[in-house]
Amino acid sequence: MIFRMLYQPFYDPAKSYEENFQNGPFGVFVDKQVLENNSQKTFDFLGFKINSPFGIPAGPLINGNFVKGALDKGFDIVTYKTVRSSKYPCHPWPNVLSVKIDGDLTMEKAGGKLVADKNYHEPLSITNSFGVPSSDPEFWQKDLSDAVKYAREGQLVVGAFQGTKREGQSVEDYINDYRVTAKLLKETGVKVMEVNLSCPNEGTNNLLCYDTERSVIVAKAIKEVIGEIPLIIKIGYFKDEEVLKDFVKKIGNIVQGISVINTIAAEVVDENGNQALPGEGRLRSGVCGHAIKWAGLEMVGRLKKLRKEFNYNFQIIGVGGVTTVDDFFEYRKAGADIVMSATGAMWNPYLARDVKEKL
Ligand SMILES: Cc1cc2nc3c(=O)[nH]c(=O)nc-3n(C[C@H](O)[C@H](O)[C@H](O)COP(=O)(O)O)c2cc1C
């Protein structure tokens, strides 16, 4: 691996989520310099012509200003951070920490403890813990709508969302929350939507995507509301091949894209062994960046095989540990139609430019 200088991150982990929301993005995302698309090449994605099969997944682009910064810097498929049907609070600061991992975060290592600090370095692996906050729809509908219009030719803004569990709610209420949010999102004019099925504690079996039956009900309910708008599902790492096979068989002909992977959870402690992120339920936290690349690549390969086996045609969006241009090509080789980077892009706002130079 070639080590390079990390840029100032466009989302600043040293600041609170609210401060980032009000004053961000930071670094080169606000230098007003637009990196125009000089390539003659175009790529197809879900019926749209795009300049490059590279972008940023749901997460670090927390509002329209962040999305616009990413579009200016040539990220061609950018995702507005997951929204909900009503305002939802963010976990207390800190929300991002560097984690020390020797090599890959294997499933075995994810069963142990990881030490976190504020020293960011390559190879870049971090933990992020926000709890999927959301502004109220009144704000995000207008904000996202503006961002959708800001995209230049060959660029696409994806609207990500998820349902919200509330106390005393029935299963039907919960499913209905996806319908309501999908309808609100459709009103923004967004051309592609992504539903997050990989957020902890939303399914009956830890992640919603590990509950095939309910995932199918949710996907069908959303498609009834959004009609022809392409739907991507965002899923986590599946340990069991039979479970993944059954999941893909039952959902792969309902949705138009599958995005893999979300973070891998592990216990995160400080150098004294104490819980690193304050508050209940935050000892285990999602890890992303370089250490999970192996898992994203593996899932892309498994999805490609299953897509062929079932003769489906969903797009595969490869996510996880893409921090260099070589990582992008590794994902494409593994079978990703589209590649996205969250952690890597945060510390290298020029990653899209670098990828496009070699494309
Ligand atoms: C700061 C940050 C916030 C994130 N928030 C979300 C989110 O709101 N919804 C979601 O589906 N994934 C979220 N993610 C997960 C990413 O989309 C991605 O799946 C994961 O980070 C792995 O990619 P990476 O290794 O390039 O970071 C977030 C990631 C980061 C770094």
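Author: A residue counts as near a molecule if one of its heavy atoms lies within 4 Å of it. The model here is predicted.

Reader: How many residues surround the ligand, and which are the closest?

Author: The ligand is surrounded by 21 residues, and A58, T82, G289, G321 and T343 are the closest. By class, this shell holds 10 polar, 9 nonpolar and 2 charged residues.

Reader: Which N or O atoms of the protein lie by an oxygen atom of the ligand?

Author: A polar contact is a pair of N or O atoms within 3.5 Å. K81 places a polar side-chain atom 2.8 Å from a ligand oxygen. For A342 it is a backbone N or O atom, 2.9 Å from an oxygen atom of the ligand. The side chain of N196 has an N or O atom 3.5 Å from a ligand oxygen.

Reader: How much of the ligand does the protein bury?

Author: The ligand taken alone exposes 610 Å², and 98% of that is buried by the protein. Strands β4 (77-83), β7 (125-128) and β15 (284-289) are the elements that each give two or more residues to the shell.

Reader: Now the helices. What describes a packed pair?

Author: The angle between the two axes and the distance between them. Here the axes of α5 (residues 171-186) and α6 (residues 212-226) come within 9 Å and cross at roughly 35°. The crossing of α5 past α6 is right-handed.

Reader: Which residues make the contact?

Author: On α5 they include Y174, Y178 and A182, and on α6 they include I217, A221 and V225. The contact has 11 nonpolar and 4 charged residues, with no polar ones.

Conventions
Residues are numbered from 1 along each chain as its sequence is written. This is a predicted model: local features need pLDDT of at least 70, side-chain atom pairs count only at pLDDT 80 or more; totals for chains, interfaces and linings use all residues. Side-chain values use heavy atoms; hydrogens and water are left out. A polar contact is a pair of N or O atoms within 3.5 Å; within protein, one must be able to donate a hydrogen and the other to accept it, and residues adjacent in sequence count only if both atoms are side-chain atoms. Accessible areas come from the Shrake-Rupley method with a 1.4 Å probe; for residues, only the protein chains shown count as cover. Helices (H or I, at least four residues) and strands (E, at least two) are DSSP runs, numbered from the N terminus. Ala, Val, Leu, Ile, Met, Phe, Trp, Tyr, Cys and Pro count as nonpolar, Asp, Glu, Lys and Arg as charged, and the others, Gly among them, as polar. Axes are lines fitted to C-alpha atoms, for helices over the stretch in contact, and angles run from 0 to 180 degrees between N-to-C directions. A crossing is left-handed if the near helix is turned anticlockwise from the far one by less than a right angle, and right-handed if clockwise. Contact means heavy atoms within 4.5 Å.
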